[in-house]
Amino acid sequence: MDVMPQQPPQPSDPDRPPLDASAFSGATALSALSGPPSAESPPLTLRTALRRTALGVVAGAVLLTGAVVAVPEGGGTAGTPPVPGPVSRAMAAAAAGAPASLSDLTALLGDRQRWVDAHPADAGSWAVLGTAYVEWGRRSADASYYGRAERALRRSLEVRPGGTGNTGAWVGLAALADARGDFVAARKWGEAARAREPRRWTVYPALIEAYDGLGDRRSQDEAVARFAVLRAGAPALVRTARRDRDRGRAEEALAGARAAADRAVTPAQKAECLSLLGELARDRGEPREALARYDAALRADRDHDPALAGRAGALVALGRTEEAGRAYRAVLARLPRPAYMLELGELYESLGRVREADAQYARLREALDRDEEQGVNNALLRGRFEADHGDPDAAVGLLNAEWARGHRSAAVADALGWARYRAGDPSGALEYAGRAADAGGRNASYAYHLGVVRAELGQYGPARRSLEEALRAGPGFSPLEGPAAREALDGLDAAPAGGPQDA
């Protein structure tokens with residue numbers, strides 16, 4: 001098992017004792033596993049986490065955009081301060097529930113890899129290493145690290161089953177399941193860990209993401225509330241603000257994001273909060289404000305690639321398409337995430353640069369294929385892509401299967417409704433498009449899709465309202481759908497304002 005090739009790990013101290021994974025956390029996923037390892041079953045009773053009292057370890061967690069890597073505050077003996085360096089910085093961030101920098105995460109991986117090579121029976125360090133691999137796989141958009149994460153986490157459970165105190169490995173598996181898009185497995189692992197240790201705050205980010213992917217709003221609300229009690233501060237404020245944004249509660253989301261930015265303790269955490277403020281500004285149709293927020297995020301942490309991608313989207317909304325293209329290419333050079341490939345391809349298509357768009361779409365298909373080989377479920381993104389740029393019937397099949405397996409988020413409902421419409425079934429599309437718009441707050445794309453479906457069915461009044469809702473954020477919400485929404489609304493001017501369909 002090697003560490004990240006992009007940044008070689010810094011040398012580790014061979015005398016450094018193992019990091020304790022007893023408070024390990026994660027918010028990513030495990031699609032290849034449908035249940036616990038055969039050696040054990042999820043626990044039914046509460047048991048306290050393993051504590052290395054001889055080492056005096058204090059546990060914490062490194063949170064980042066949906067993934068959490070948990071490590072202790074100190075690596076020395078009791079009463080001994082941590083050895084200065086990147087691993088200690090990662091642990092200091094952990095204690096505050098803040099994201100670690102990429103370089104510090106790299107050092108942590110190198111440190112734990114060397115330790116388990118020399119101490120293969122250390123279950124806690126295997127769990128730390130496995131969840132760190134999940135985190136790196138997410139941040140690098142390299143799904144090959146998920147296989148390494150799975151092997152490390154399974155090794156941890158072989159050495160010490162979760163039911164005997166290794167709850168941290170279960171939380172790591174919940175994180176892996178979220179990362180791979182298997183929210184059913186993520187819920188199972190997360191709930192198993194929570195049942196054993198309900199006050200372990202590090203399990204709640206994984207559960208929040210799993211419930212969101214399953215469309216279980218009630219359970220998500222409960223998990224967000226519990227997380228806010230157990231881990232008050234910027235991490236909980238960010239989670240709550242994102243939930244509020246998804247529900248259309250823009251003012252509450254804005255207040256939460258501002259409060260989180262004020263309380264951020266690391267540059268990476270500050271960048272995450274400023275990037276969220278940029279997203280909220282784009283939702284309001286204020287691309288200049290959004291651009292300023294994304295720029296501030298990048299000044300806080302130049303490695304915060306989501307802010308660079310958000311900056312590209314804001315430039316599109318401002319009509320600065322050449323700059324936007326450069327920004328997308330820059331972020332893809334560092335973070336080849338399929339969603340960004342789709343955004344760049346659609347930008348090229350909107351500009352009539354067909355050959356470049358086709359090349360980008362081909363690259364997207366290759367990336368999705370590579371991810372799926374690593375056990376990642378990208379049915380949602382592939383379905384969205386096929387509906388607009390490929391085979392709508394294939395998109396319907398993919399998304400029907402997602403719905404059947406319990407993945408019933410607003411995003412899946414919207415994608416399935418739109419795929420049905422594109423496949424020539426507007427009547428079948430209406431239920432899903434309406435459900436997405438109701439659950440997805442003020443998402444302009446959802447409103448646009450519902451408006452088009454309603455117009456196709458002759459529901460002209462509701463169609464107008466939906467299209468106007470989509471355009472409240474301005475046509476720049478999408479380089480393809482924004483102008484299409486304006487055109488569809490203009491086309492309704494000749495249609496009657498009401499009628500039996502509206503009633």
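These legends describe close-up views of a predicted model. Local features need pLDDT of at least 70, side-chain atom pairs count only at pLDDT 80 or more, and totals for chains, interfaces and linings use all residues. Residues are numbered from 1 along each chain as its sequence is written, and side-chain values use heavy atoms, without hydrogens and water.

**View 1. Helices α2 and α3 pack against each other.** Helices here are DSSP runs (H or I, at least four residues), numbered from the N terminus. The angle is about 145°, and the axes lie 9 Å apart. Axes are lines fitted to C-alpha atoms over the stretch in contact, and angles run from 0 to 180 degrees between N-to-C directions. The crossing is left-handed (the near helix is turned anticlockwise from the far one by less than a right angle). On the α2 side, the residues include Leu 105, Leu 109 and Trp 115. They belong to a contact (heavy atoms within 4.5 Å) that also includes Trp 126, Leu 129 and Trp 136 of α3. By class, this contact has eleven nonpolar, three polar and three charged residues. Ala, Val, Leu, Ile, Met, Phe, Trp, Tyr, Cys and Pro count as nonpolar, Asp, Glu, Lys and Arg as charged, and the others, Gly among them, as polar.

**View 2. The largest nonpolar core has 50 residues.** Such a core is a set of buried Ala, Val, Leu, Ile, Met, Phe, Trp, Tyr and Cys residues joined through side-chain atoms within 4.5 Å. Buried means under 20% relative accessible area, exposed over 50%, partly exposed in between (1.4 Å probe, protein chains only). Leu 176 and Tyr 204 have the most contacts inside this core. Helix α5 gives the largest share, nine residues. Beyond four places in sequence, Tyr 204 touches Arg 194, Pro 198, Ala 223, Arg 226, Phe 227 and Leu 230. Another core, of 48 residues, lies apart from it; Leu 308 and Val 331 are among its members.

**View 3. Helix α11 packs on helix α12.** Residues 267-283 form α11, and residues 287-300 form α12. The angle is about 170°, with axes 8 Å apart. That makes the pair roughly antiparallel (angles over 145 degrees). Leu 274 and Leu 277 are among the α11 residues in the contact, and Tyr 294 is one of those from α12. The contact divides into ten nonpolar, two polar and five charged residues.

**View 4. Arg 284 sits in the loop between α11 and α12.** Arg 284 counts as partly exposed because its relative accessibility is 33%. Ala 250 is 34 residues away in sequence, and 8.6 Å away in space, C-alpha to C-alpha.

Terms used:
Helices (H or I, at least four residues) and strands (E, at least two) are DSSP runs, numbered from the N terminus. Angles under 35 degrees count as roughly parallel, over 145 as roughly antiparallel, 65 to 115 as roughly perpendicular and the rest as oblique.
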